[in-house]
Amino acid sequence: MKEQETTLFNTIQQTPNLRSGLVDTLIAQIESGDLAPGQRLPTEQAIMTATGVSRTVVREALASLRAKGLITTRQGLGAFVSDDPTPRSFSIIPTDLESIDDVLRILELRMGIEVEAAGLAARRRTQDDVERMASRLDALEKSIQAGGPGAEEDFGFHRAILVATQNSYYARLFDTFGSTMVPRQWVRFDTMDAAERQKHVARMQREHRAILSAIRDQDERAAQKAVRTHLTKSSARFVELRDRARTGES
């Protein structure tokens, strides 16, 4: 049994996000059937030996799998693969976003959802939808100007776009993610001086206002382009932040 436990996993590549690497490895083992429904997972010590990660990383990874419904814990017996390990719903939880690379993957997902939604919103929006988006945008700008992260307000603006599609599934999908989809915790406004903050707010304001104007004018192509531009520029800013951090570490 011990030999099986230590050879079940490949050594996790030593990256800044060890927990995600271990989670991905465990999920792959479950999806492939190497870890079958109802099967007991190796002990924490066995996983540590096989993967080379710390006990803390192992425990955080197991907690993430429990949150996803893939494993269960039995008091005194350890962790077991769920009897039905196929997730019934997809979710993104805060611990999924431990690196800027994770944030970039979320932005890719948002691109696929929100560009199409913006086009539908431009075709179908009501005056109430336009007023709702404008109100959410005003709240976002006030929050950031006051020094707040603006995550909830940003989420509210983008969710208002999805509501304007008149297809409730778009907003319901976003609701399963919550403001995790707008990972502003990586943008350290508290480290910016007044001029830098003002420049950032003005840039974000232009991008958001372009989206709102296109939807208000019912210009489907312009709305899609504005959302794509906004998310592409957001990605570029996170890439710059990641590269700057790596340069500082070297």
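**Exercise 1.** What does the accessible surface of the protein chain come to, and what share of it belongs to carbon and sulfur atoms?

*Solution.* The model is predicted: local features need pLDDT of at least 70, side-chain atom pairs count only at pLDDT 80 or more, and totals for chains, interfaces and linings use all residues. Residues are numbered from 1 along each chain as its sequence is written, and side-chain values use heavy atoms, with hydrogens and water left out. The accessible surface (Shrake-Rupley method, 1.4 Å probe) is about 13,300 Å². Carbon and sulfur atoms hold 49% of that surface.

**Exercise 2.** Find which residues of helix α8 are buried and where they lie around its axis.

*Solution.* Step one: helices are DSSP runs of H or I with at least four residues, and strands are runs of E with at least two. Helix α8 spans residues 168-177. Step two: buried means under 20% relative accessible area, exposed over 50%, and partly exposed in between (1.4 Å probe, protein chains only). Tyr-170, Ala-171, Phe-174 and Phe-177 are buried. Down the axis of α8 they fall within an arc of 110 degrees, taken from the directions from the axis to the C-beta atoms, so they line one face. Step three: the face turned away carries the exposed Tyr-169 and Arg-172.

**Exercise 3.** Describe how α7 and α8 pack.

*Solution.* Their axes, lines fitted to C-alpha atoms over the stretch in contact, are 7 Å apart at an angle of about 155 degrees. The two helices are therefore roughly antiparallel (over 145 degrees). Contact means heavy atoms within 4.5 Å; among the residues making it are Phe-155 and Leu-162 of α7 and Tyr-170 and Phe-174 of α8.

Notes:
Axes are lines fitted to C-alpha atoms, for helices over the stretch in contact, and angles run from 0 to 180 degrees between N-to-C directions. Angles under 35 degrees count as roughly parallel, over 145 as roughly antiparallel, 65 to 115 as roughly perpendicular and the rest as oblique.
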